[in-house]
Amino acid sequence: MRTITLINGDGIGPEISKSVVEIIAASGLEINWDLQTAGADVADKEGTPLPERVLESVKRNKIALKAPVTTPIGKGFRSVNVQLRKSLDLYANLRPCKNLPNVKTRFDNVDIVVVRENTEDLYAGIERQIDEDSAESIKIITRNASERICRFAFDYAVKNGRKEVCCVTKANIMKLSDGLFLDTYRNVANDYPQIKQREILVDNLCMQLVQNPTQFDVLVLPNLYGDIVSDLCAGLIGGLGVAQGANIGKEYAVFEPVHGSAPDIKGQNKANPTALLLSAIEMLRYIDEKGYAQKIENALFKTLTDGIFTADLGGSASTTEFTKAVIERL
Ligand code: ATP
């Protein structure tokens, strides 16, 4: 039996984790969950929101399913999410954004995969105050990091039967940094003649995404553009309750929803478990449990097709009712 780390998070994390664990168990797939608590409550008890035992567990098991974890504010803790990405070198942020059946959105047939570089760019955190009235942030782009993210995007495209990988930059203005990213993309693309190449400037991409998103397939972007564009794409498919994600490195992978811990609805049995469930389905595909992934996805899609929704999608089902409905359709 496969052992997978489960970080059940805080806020709505424990509720949606319970839902997903129950659905996977009901599908017939046996997983030994290595439960690891993290976040605000843990910080009070263990002095840090991300104890070493959590990292050790992911290193041991290689794969984790993670519910949202809040970093306590104002106590000097580094972001749990950033720390996890850094410590495990999870260099690729993967966000598949696909329309779900019966979930009302502006466009049908959106099926975009956003591949965001996770380790450098303006998010490297190199900033300084020059004087009281000026500050600077440094944008770091390296060939190594650009190459591994572009290769990741093309490999993903090949493995998942996608047709095109589009490189998103602002290389006309940032000729050196974004220029390096684009140049690296072109070199990597040459190794994948079966995948179509496309280049687009990030401002044009944003306009195209809100006017005609179905033209895009896989997007590969440096960190900052990737952060913004992936939220735009989440909006295209129905928002936070359904937006899945993953952070993947050479050795480890952590699958997690895009949304935060939603403290406003904590403990009210209202949260939508779909985003975490979709992240788990992608995780099952990643570990080659494709049959179970498909079975669970079918049951989820049937639940939505039957008009069973949680409150965030305009329905009246509670988290537990929604979970039960998915299980009944397995
Ligand atoms: P963070 O800073 O941790 O990202 P946040 O408050 O900025 O937190 P979220 O926690 O993602 O962002 O929540 C934003 C809003 O979306 C909340 O008001 C919450 O009610 C709603 N929301 C987020 N996730 C879900 C979900 N799974 N089901 C229902 N509503 C959700």
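How do the residues of the shell around the ligand divide into nonpolar, polar and charged? Select the ligand to find out: the shell holds 5 nonpolar, 4 polar and 2 charged residues (Ala, Val, Leu, Ile, Met, Phe, Trp, Tyr, Cys and Pro count as nonpolar, Asp, Glu, Lys and Arg as charged, and the others, Gly among them, as polar).

Before moving on, note that this is a predicted model, where local features need pLDDT of at least 70, side-chain atom pairs count only at pLDDT 80 or more, and totals for chains, interfaces and linings use all residues. Residues are numbered from 1 along each chain as its sequence is written, and side-chain values use heavy atoms, with hydrogens and water left out.

**Stop 1: the ligand**

Show the surrounding residues, among them Ile-12, Leu-240, Asn-272 and Asp-312 (a residue is near if one of its heavy atoms lies within 4 Å). Now pick His-259: an N or O atom of its side chain is 3.2 Å from a ligand nitrogen. Next, a polar backbone atom of Ala-262 sits 2.8 Å from an oxygen atom of the ligand. The protein covers 58% of the 610 Å² of accessible area that the ligand has on its own (Shrake-Rupley method, 1.4 Å probe).

**Stop 2: strand S11**

Select residues 244–248, strand S11 (strands are DSSP runs of E, at least two residues, numbered from the N terminus). Here 5 of 5 residues are buried, meaning under 20% relative accessible area with a 1.4 Å probe, protein chains only. Gln-244, Ala-246 and Ile-248 point one way, Gly-245 and Asn-247 the other.

**Stop 3: its partners**

A hairpin of 4 residues connects S11 to S12.

Methods:
Polar contact = N/O pair within 3.5 Å; in protein donor to acceptor, adjacent residues only side chain to side chain. Buried < 20%, exposed > 50% of the residue type's maximum accessible area, 1.4 Å probe, protein only. Pairing = 2+ DSSP bridges.
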